[in-house]
Amino acid sequence: MSDVLDGTSAAPADGPLQRRTFLAAAGVGALAVAGAGTAARAATGRAPARVATVVLNGQVFTGTNGGARAQAVAVGTDGKVLAVGSNADIRRRIGPRTVVIDADGGTVMPGIQDGHIHPLGAAAQSLNPSLGNASMTVEQFRARIQEMLDATASREPDGWLQVTDWNPVGLLPAGTVADKSLLDSLNTRRPIYLQGSDFHNSLVNSRALALAGVDRTTSDPAGGKIVRGSDGEPTGLLVDEAQGLVARVIPPASPDLILAAQKKMAGALLAAGITSFLDAACGEEFVNTYAELMAKGVLPQRITPALLIDAELATKPQEAAEFLRGVRKRFAGPDRLRLTTAKVFLDGVMEFPAQTAALLDPYMDAQGRPTDNRGPLHVSDRDYRALVRALDADGWQMHAHAIGDRAVRTALNAYEAVARPGRRSRRHTITHLQLVHPDDYRRFARAQVVASMQLQWARPSSFNDDVKPYIGPERYARLYPARSLAKAGALLAGGSDWAVDPLFPFIQIATGIDRSNPEGNQPPLNAREGLTRTQSLVMHTAGAAHQLHDGDSGTVWPGKRADLIVLDRDITKVPVKDIRATKVQYTLISGRVVHDADSQTGRARAETAQRIGAQSTGRTSGKSCCQGH
């Protein structure tokens, strides 16, 4: 891969310029060159914008229908795409100050837009030791935690030990349930907090419970559960909103450490090709943090913070509306930081022992016998309808966490109630969608609901295996129904759920197609639900751009903002399994190169991205959100 070249360099006139593209064979071609300068002058009365940057020798995935094959893109000084066409066409536009990028045969495509991610949470998480989401025996588990305590023994007796990536279903033998006794028996007096890799479960020791004032008399918070033993005492397991009872008393890291972690996080996003994103669970303090990072030049992306409405506030729609209006009124950040979206958790996760995803039909027990447990709805159908009516009237887009089919139906009921023919959609969104009832597939299109899916979960895994006996083969065969939703007319958007999952967008894209786990030897998970290559690429670009209300991006088209990435291979042609290893060579935002993998900064950033972007490796495939819950 060549470095960025100055305008005096010339790309080869033949060879790769004549390569055919997957898009042409699929009927999804690139655009022809946009109108020439004389046509632009005649139409507008102004001279055409100067060409600031061109990308040559690529295979352009435009994300649009129709047009001729394309190998190159020209970007104007206004940061917008001027033309898409052949190398010869675009080369004629190069001026003395034009920056020339050689794509070297790789794909040129819209930047990845992440419709569900938690970057600030990922930055904070990177400061703590990790259990790597591993499965282990009780003895191995205790030994690992003791090693972490011994490595930081200078923090005795009062310094908190926070550990990430604890697997709540990972104690062996299978079915072993953790409790505080495992931590209380360690050689320490320190408070300990283990964050579950699903972010719906935490495990703490007795010292942590005492510091938080949690005992047998403490009531469960709305949307949460303090797991208790037969004696009524807390066991140390905290579910959903109950996690905050302890998490809020943990002292934060120093500002310098946090800022350093946030800068590494920002570099990881650019190296991954993320040009816009939605932070899927934000308080007002997150909005302020993003504004500060933008002011420091750390984050050049467009960011949508989804402001969190907790389970209690969700039952008070007018108060929720006032809260959101207040945040907007106090907000003084840049235009790139857009307050459009509110987030609500309708349920939890499907995995045992939590089983907090809300199902239409009850869970079964481990032997496949019926139970009366359908999982809790954190917000009732009636309350969510009232909340959506109030916030929709105020112009807010809803982003609902829904894993189970009852939670999905609850969201659809509310969104249909505010849908009006001919009215511009708020683009209300349901995210995760592990299980959707077939009767509800067509309702997405009717109410113009966005289906935000994390398809790295849609593959064979121990987590999906854990779910199967509790839901039975019929429901298991319908997990992550991406193709069924697309066929029914739903608009799909992609998201990583980092740091719940690794920050590897091209694994998401590939798994959305083949539903396979390359690390195993199992058949694909519900292969008939796999997407086409074009569908998977579009859901992570134009689909997410639609979700984020960003009509100026998401495709490579004249007049669109030049948020582009250049890849190290032609992902429109390589075998699907090879998409997973794709590297981003260049990331451009508004036509400006913000990541060059071959530069010294780019190499360091890519190494950091590989390290902190992979900090959740092993978690993919069924564990769900969300940081900040």
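Helices α11 and α12 cross with a right-handed sense. This is seen in a predicted model. Two packed helices are described by the angle between their axes and the distance between the axes. Here, helix α11 spans residues 317-330 and helix α12 spans residues 381-393. Their axes come within 9 Å of each other. The crossing angle is roughly 35°. On the α11 side, the contact is formed by Pro317, Gln318, Ala320, Ala321 and Leu324. On the α12 side, Ala386, Leu387, Ala390 and Leu391 take part. Eight of the residues in this contact are nonpolar and one is polar. No charged residue is found among them.

Aromatic rings also come together in this structure, in four pairs. A pair of aromatic rings is described by the distance of the centres and the angle of the planes. One of the pairs is made by Trp457 and Tyr480. Their ring centres are 6.2 Å apart, and the planes stand at 65°. The arrangement is edge-to-face. Trp457 lies in the loop between β20 (450-453) and α15 (462-476), and Tyr480 lies in the loop between α15 and α16 (482-487), so the pair ties together parts that are 23 residues apart in sequence. Trp457 and Tyr480 are both buried.

Charged side chains meet rings as well. The charged end of Arg328 sits over the ring of Trp396, at 3.7 Å from the ring centre. Lys343 lies over the face of Phe345, and here the distance to the ring centre is 4.1 Å.

Ile589 belongs to strand β23, which covers residues 584-589. Its relative accessibility is 5%. Buried means under 20%, so Ile589 counts as buried. Gln301 is 288 residues away from Ile589 in sequence. In space, the two C-alpha atoms are 7.2 Å apart.

The whole chain gives the setting for these details. The protein chain has 629 residues, and 57% of them are buried. Its secondary structure comes to 21 helices and 24 strands. Contacts between residues at least 6 apart in sequence were also examined. Of these contacts, 76% join residues at least 24 apart.

How values were computed: Residues numbered from 1 in each chain as written. Predicted model: local features only at pLDDT ≥ 70, side-chain atom pairs only at ≥ 80, totals over all residues. Heavy atoms only, no water. Axes fitted to C-alpha atoms, helices over the stretch in contact; angles between N-to-C directions. Helix = DSSP H or I, 4+ residues; strand = E, 2+ residues; numbered from the N terminus. Left-handed = near helix turned anticlockwise from the far one by under 90°. Contact = heavy atoms within 4.5 Å. Nonpolar A, V, L, I, M, F, W, Y, C, P; charged D, E, K, R; others polar. Buried < 20%, exposed > 50% of the residue type's maximum accessible area, 1.4 Å probe, protein only. Phe/Tyr/Trp six-rings, centres within 6.5 Å; stacked < 30°, edge-to-face > 60°. Lys NZ or Arg CZ within 6 Å of the ring centre and 35° of its normal.
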